[in-house]
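Thanks for coming, everyone. Could we have the model up on the screen, please?

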Amino acid sequence: MDLFQSLAGSLVLTLVLELTLALMWGVERRDWPAVVLANLLTNPVVVLCHHTAAWYLPSFLAAVTLALELCAMLTEGMIYQRRSQITRPWVFSLWANGLSFLTGFLL
């Protein structure tokens, strides 16, 4: 699979999963753009950095992946806190990123 397909597939899957979670979480429609924006800003960066680390730093891949996922969760939590009315934005961010990561890991 080429890099572009990986980036696009990851972003689409993440958006589907996290918007579904947002719906189940009770996130209002007016806050869905914040979920999309947060993922547009973090997902491609995380996926690209992960591919780069897998190529250049394979022995540190687990640590790099953990750091990338933590940064994404913190960034998204900040976006949700400041730009949405999502209830418990940090917990939502943790669940959303955990769901996306676990799904990607299992695939």
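**Aromatic rings and helix packing**

Let me start with Phe101, which counts as partly exposed because its relative accessibility is 37%.

A word on what you're looking at. This is a predicted model, so local features need a pLDDT of at least 70 and side-chain atom pairs count only at pLDDT 80 or more, while totals for chains, interfaces and linings use all residues. Residues are numbered from 1 along each chain as its sequence is written, and side-chain values use heavy atoms, with hydrogens and water left out.

Now, the rings. How many aromatic pairs are there? Rings of Phe, Tyr and Trp (its six-membered ring) pair if their centres lie within 6.5 Å; planes under 30 degrees apart count as stacked, over 60 as edge-to-face, and the rest as tilted. By that rule we get 3 aromatic pairs. Take Trp25 and Phe92: their ring centres are 5.4 Å apart and the planes sit at 65°, so this pair is edge-to-face. It also links distant parts of the chain, with Trp25 in helix α1 (residues 3–25) and Phe92 in helix α4 (residues 89–106), 67 residues apart. When I say helix, I mean a DSSP run of H or I with at least four residues, numbered from the N terminus.

Is each of these two buried or partly exposed? Trp25 has a relative accessible area of 22%, so it is partly exposed. Phe92 is at 0%, so it counts as buried. Back to Phe101 and Phe105: their centres are 6.0 Å apart and their planes are at 20°, so that pair is stacked. These two are 4 residues apart in helix α4, so about one helical turn separates them.

On to how the helices pack. Axes here are lines fitted to C-alpha atoms, for helices over the stretch in contact, and angles run from 0 to 180 degrees between N-to-C directions. The axes of α3 (residues 61–83) and α4 come within 8 Å and cross at roughly 140°. That is why α3 and α4 are oblique to each other; angles under 35 degrees would be roughly parallel, over 145 roughly antiparallel, 65 to 115 roughly perpendicular, and the rest oblique. Contact means heavy atoms within 4.5 Å, and residues of α3 including Glu76 and Tyr80 meet residues of α4 including Phe92 and Phe101. By class, that contact has 10 nonpolar, 5 polar and 2 charged residues. Here Ala, Val, Leu, Ile, Met, Phe, Trp, Tyr, Cys and Pro count as nonpolar, Asp, Glu, Lys and Arg as charged, and the others, Gly among them, as polar.

Next, α2 and α3: their axes come within 10 Å and cross at roughly 170°, which makes α2 roughly antiparallel to α3. The contact of α2 with α3 has 14 nonpolar, 5 polar and 3 charged residues. For α1 and α2, the axes are 9 Å apart and the angle is about 145°. The contact of α1 with α2 has 14 nonpolar, 6 polar and 1 charged residues.

Leaving aside neighbours within four places in sequence, Asn39 is in contact with Leu11, Thr14, Leu15, Glu18, Pro44, Glu76 and Tyr80. Leu48, also placed in helix α2, is partly exposed at 38%, and beyond such neighbours it contacts Leu3 and Leu7.

One last stop is Arg88, in the loop between α3 and α4. Most residues other than glycine have a negative phi. Arg88 has a positive phi of about 50° although it is not a glycine, and it is exposed, with a relative accessible area of 54%.

Methods
Buried means under 20% relative accessible area, exposed over 50%, partly exposed in between (1.4 Å probe, protein chains only).
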